[in-house]
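User: Could you walk me through how to read helices and buried residues in a model like this one?

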Amino acid sequence: MLRLTPVVKNIIIINVIVFVAGMLAPRVDISACFGQINLGNQDLITAYLALFNVSTPCFKPYQLFTYMFVHGGFFHIFFNMLALAFLGPIIESFWGAKKFLMFYIITGIGAAVFNILIGYVFPGGSFGLMVGASGAVYGVLTAFGVLFPNMELRLLFPPIPVKAKNLVLVLGGIAIYSGFMGRSGDNTAHFAHLGGIVVAFILITIWRKRGDMQS
């Protein structure tokens, strides 16, 4: 049985509340945000909290934070929160609530900024709007791989054990490949996933150099 630590539990609760609110909220037309790109109607929660491309009139700086609490569907939120529920408590117990929360927020915001910057360097990496906790969750996964590299995790698909450090390398490789080789209609923010990994590595490296890896 999963034993959720306070910060992980509250993050999951907030995500679920926002998800349910989005299902119940009225829908609005956001096509004006994209000129010729018509994304159709979105629920009011997504329209205000999702991260819009900085080149659109709908971008607001606060969205760099709020986007990570919005999800595009049941499986999107389910797998993100499942990964957080499995790995987050171990890291929160190791670091303490304050440091874990700081790490989660920084990697989430950093993933968004990384994705935006990639869009400027490689036009194929641009996006219309972005939602989801995946960037922060990839950061948590990276922290787990660095802190407990040889601990084995049993995957759901396929159901095999994999060392944490190897899983991080594989997912990072997939994010890079998928980002540059993305197909038309692929709405996954692969570079945000990569951004979560990169920012997590940078932050952990800084903390290690300062001798500040524990709470």
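This is a predicted model: local features need pLDDT of at least 70, side-chain atom pairs count only at pLDDT 80 or more; totals for chains, interfaces and linings use all residues.

User: Which residues of H1 are buried?

Analyst: Buried here means under 20% relative accessible area. In H1 that covers Val7, Val8, Ile11, Ile12, Asn15, Val18, Phe19 and Gly22. Looking down the axis of H1, those buried residues fall within an arc of 135°, so they line one face of the helix. On the other side of H1, you'll find Pro6, Ile17 and Leu24 exposed.

User: What do the buried residues of H1 pack against?

Analyst: They pack against strand S2 (41-43) and helices H2 (44-49), H4 (74-95) and H5 (97-121).

User: Let's pick a single residue. Is Asn80 buried or exposed?

Analyst: Check its relative accessible area: Asn80 comes out at 8%, so it counts as buried. Asn80 sits in helix H4. Leaving out residues up to four places away in sequence, Asn80 touches His71, Gly132, Ala133, Ser134 and Val137.

User: And how many residues of H6 are buried?

Analyst: For H6, 14 of the 14 residues are buried, so this helix is largely enclosed by the rest of the structure. Helix H6 runs over residues 134-147 and reaches 20 Å from its first C-alpha to its last, close to the 20 Å expected at 1.5 Å a residue.

Terms used. Residues are numbered from 1 along each chain as its sequence is written. Side-chain values use heavy atoms; hydrogens and water are left out. Buried means under 20% relative accessible area, exposed over 50%, partly exposed in between (1.4 Å probe, protein chains only). Helices (H or I, at least four residues) and strands (E, at least two) are DSSP runs, numbered from the N terminus. The arc is that of the directions from the helix axis to the C-beta atoms. Contact means heavy atoms within 4.5 Å. The expected span of a helix is 1.5 Å times one less than its number of residues.
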